[in-house]
Structure formats: structure tokens, C-alpha cells
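Colleague: I would like to understand the words you use for this model. Could you show it to me and take me through them?

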Amino acid sequence: MSDPIRFLLGRTPVEIADADPTTTVLEWLRGPARRCGTKEGCAEGDCGACTVVLVEPDGAGGTSARTVNSCIQFLPTLDGKQVLTVEDLKAEDGTPHPVQRAMIETHAAQCGFCTPGFVMSLYHLHRTHKGQTPPGRETLDRALGGNLCRCTGYRPILDAGAKMFETPAQPDPRDADLPARLASLARGKGLAYRARDKVFLAPRTRAELAAALAAHPGARILSGGTDLGLEVTKAHKNIPALIHLGEVAELKRIVRTATHLELGAGVTWTRAFPALTELWPQLDELLARFAGPPIRNAGTLGGNVANASPIGDSPPVFLALDADIELFGPNGSRTLKLADFFLAYRKTALAPGEIVAGLRVPLPRPETKFAAYKVSKRFDDDISAVCGVFAIDMAANGTIAGARLAYGGMAAIPKRAARAEAALVGAPWTREAVLRAGEALAGDFAPLSDMRASAAYRAKVAANLLIRFHHETAGTGVATRVIAYG
């Protein structure tokens, strides 16, 4: 037996029983649903032209809303949710939504191709903004971090974002019964959808997940889909079986104990952001630049780590924070140091049938100096050329008791700089010690040249970030020496 996919398209209930499980939401919207306002710009979650809003139960009797890139979301992930497109924003009498009216009045559309995506991102901000005063420019910038305009029309779009708040957000009377309507779609057990000789399983508990992993050992694991989606849209791969982790409640927990912050693998980056920056405010800029909001709203901690990309931004963070990683499979759980998880390019310590279940991070200590840096060509929504995250534990006598210098973009895996760390341990936190550590990096890494940076540039930047770290934590003034290799 196969369960149908059930969700609300705007305010209309939809039931689907015959679509390919790897059909994207965008493909379905522009095809069978005839919702052509949502555009395809890149089909890889970069440009935001396909942005839609998902609304789902918040677990407290209400609802929560988030933007996602419909071009890389698979259709079965809509089960139990409401999806809103630009066509849903006007009032029942046809009156434009305040964001639509503001876009018109500020002349914020040029070619118009990206406009629906901007409208949906601004609509989400208008809908969810808390407080009596309109948000400032930084909030608007961050809300639009996942939307690109090829006509470079950002100023009037930002003007529209400010102007829309002249009309405060009001509950839509059509959504008065939305929590009850979504509750009626809820399942007592996980979704088991089968169509066109393919299967999509969305277990709701660890027990259901273990059974699914055991029954389908060759299935691909789907978390946020921000990477796996591209295998369909760009590589055109056939994926006969998918196990979706997004409905497993135990994987979405954030718990702070007396000694650790425990993060489930299914926690999205949007939810992880405040939990991490409350403890480590130094992560604010790096996490704000971690993709754009639609990607952060879908992408998960576990997915980013399990992906094992050498240029992923989160592995260096958790390596520097000395995190443990929990692995889970049909035979139970096991825990290991994250530094032991990455084995080779895109190869990890995951055994067949295992998934990443969570991360366990020691709470910050007062004797630790910490900083995180991302170097990329574009400030927003870009991949790192080099990511450096550093933690230095100071002893009472002013020497360095421990060092964790983690880098992305410098090797085939996210990696700590063991030689540079050894050069620091036991030394005082001085510029001379940092320069020695920077020179030791040549023995830790042999970076490659690619479209993002040359090997020489990466080596120079990796060392210079250490100098910056020292200046920002020791107050030694401006650097007078630059380390260069090659």
C-alpha cells in the first residue's frame, strides 16, 4: 500500500498519488498546478527566483512559516504542510498584499523574473516580524540574502521592503482555521509513498527510522535536500529509494545540559543559529553568511556534516569546538570525535545503513579564545574559498594549554592543522608564536587551485587569518608581516 501525499496549496487541499517521488515542488507548481508565478532561475537553490513559503504546525497549537527553494525540494516533503506561492498573497477581493503594493509603488521590478522570489521573501518577513517598529536595513538585507537580481535592482527592492511595513501585518481571515486544517493532515505514523517503481519513506520516530534503514539498505538519505536535490536537477540521477529524516522529532531537538549543547541532526540552520550564537557570538557573521535564508530554512546540521564537503562551512566550526558526533543505524547508536569522522574526500566513518543523528558540543569556557572567519568572493550566499575557525585554551600562567585550528577549503576534507596547533601549545599567546604556527601550516596543508582561489592564495589567507585572530584577541595592533607561500 502507498500513502498519498496530502497538503494545502494555498487554501486548497491537494492529494497526490502518482507523481515521481523526486519531482521537485517547482516542477509540480509550474506543471500540473499551473502556478507559473514561481520561476526557475538556477535549479540549484542559489538565485531565489523559485522561493515559496511553507507553513506547518509549530507543536504548540499554532503554525510556523519558512521560505524554501522549491527548485530543490521534493514533492513528498510537502506532506502535512501548506505551500504558499505569489498567487496566494492577494486578498479574497483581489487587493494586492502590502508587499506587492510596495513593490509596485517603488518600481522595484525590472525584468520581473526574480520578482516573485523577492516578493515571497519579503512577505515572509512581513508576516513573521515581531515588534512595533519596522526592521532596519540589516534585517532586510539578511532576509533577502538568498535572492539575486540580475538587473541589479536592489535599491528599490529594499525600498519596497521598508515601505511594506507602512501597513502592519494582519492575520488573513482565510487562515483562521489553518491549524485545524493542518492537524487534519497529520499522520499517526510516517509517510510511505510509492509511485513509478520508487519509494519515499518519511519516518516519524527513531524506531520507524531504524526499520526503514534496515528494510532499504540502499536508500539515499534525504535531510534538507539542499545538496541531494541537485543530483536530480543537475545530474539527472535516478533515485529509486529515499528515506527522509525531516519528520523524525528526536532528530530535531536542541538541548543544553550543564556541560554540552546537544543538536539533533535534523535541526535546520535557521533554528541552530540562535542556539549557537547565544553561546558563541563570534559565529554571527559566519552563520549569517551561511547560504541564504531559504537554504538555512531547509538545510540541516547533520546533512551539512554528513555531506563531508571540504568547503562546507559547518565542519570547521564543530571541529574547533571539539564536538562529538552520534551515528545511528538499525543496530543502535555510537559516538566518536568529529575529527575522526572525516576519512577522505567525501568519505566518512558512516557504516552501511548508518546516518548522522546529532552533534554534542562542549559549552564555552572562559579561558578559551574563539573566532570564525569566512573568505569568499561574494559576501552573501557564496561558498568559501577558505574557512578558518580557531579555539585557543589559555593556561593560568598565560601560555597556550590547547589549540584547535580547523580549516575548510585547504584539503580534501575539513581538517584541523595539527602541526600549527603543536607550534602553539606551550607557547605564550604572542605574535611570534602565531607567525611560527602560520609557517607550520605548510606542513599541514597542500591546497589546490580551483575556480574559487589559487593554492598560493589559500595558503596565504590561512596564515593571515591566524594573525587576524591574534590581533583581535590580544590587541597587538596592525600586522606588519604577511606570510606567503608559493
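Modeller: Gladly! Let us begin with accessibility: buried means under 20% relative accessible area, exposed over 50%, and partly exposed in between, with a 1.4 Å probe and protein chains only. This is a predicted model, where local features need pLDDT of at least 70, side-chain atom pairs count only at pLDDT 80 or more, and totals for chains, interfaces and linings use all residues. Residues are numbered from 1 along each chain as its sequence is written, and side-chain values use heavy atoms, leaving out hydrogens and water.

Colleague: Why does Arg 34 count as exposed?

Modeller: Its relative accessibility is 58%, and exposed means over 50%, so Arg 34 counts as exposed. Arg 34 also has a positive phi of about 55° although it is not a glycine.

Colleague: And what makes Asp 322 partly exposed?

Modeller: Asp 322 has 27% relative accessibility, which falls between the 20% and 50% limits, so partly exposed is the term. Its phi is positive too, at about 60°, although Asp 322 is not a glycine.

Colleague: Why is the pair of Phe 7 and Trp 28 called edge-to-face?

Modeller: Rings of Phe, Tyr and Trp (its six-membered ring) pair if their centres lie within 6.5 Å; planes under 30 degrees apart count as stacked, over 60 as edge-to-face and the rest as tilted. Phe 7 and Trp 28 have ring centres 5.4 Å apart and planes at 75°, so the pair is edge-to-face.

Colleague: Why is the pair of Tyr 373 and Phe 390 tilted?

Modeller: Here the centres are 6.0 Å apart and the planes at 50°, so the pair is tilted. Tyr 373 is buried, with a relative accessible area of 4%, and Phe 390 is buried at 0%.
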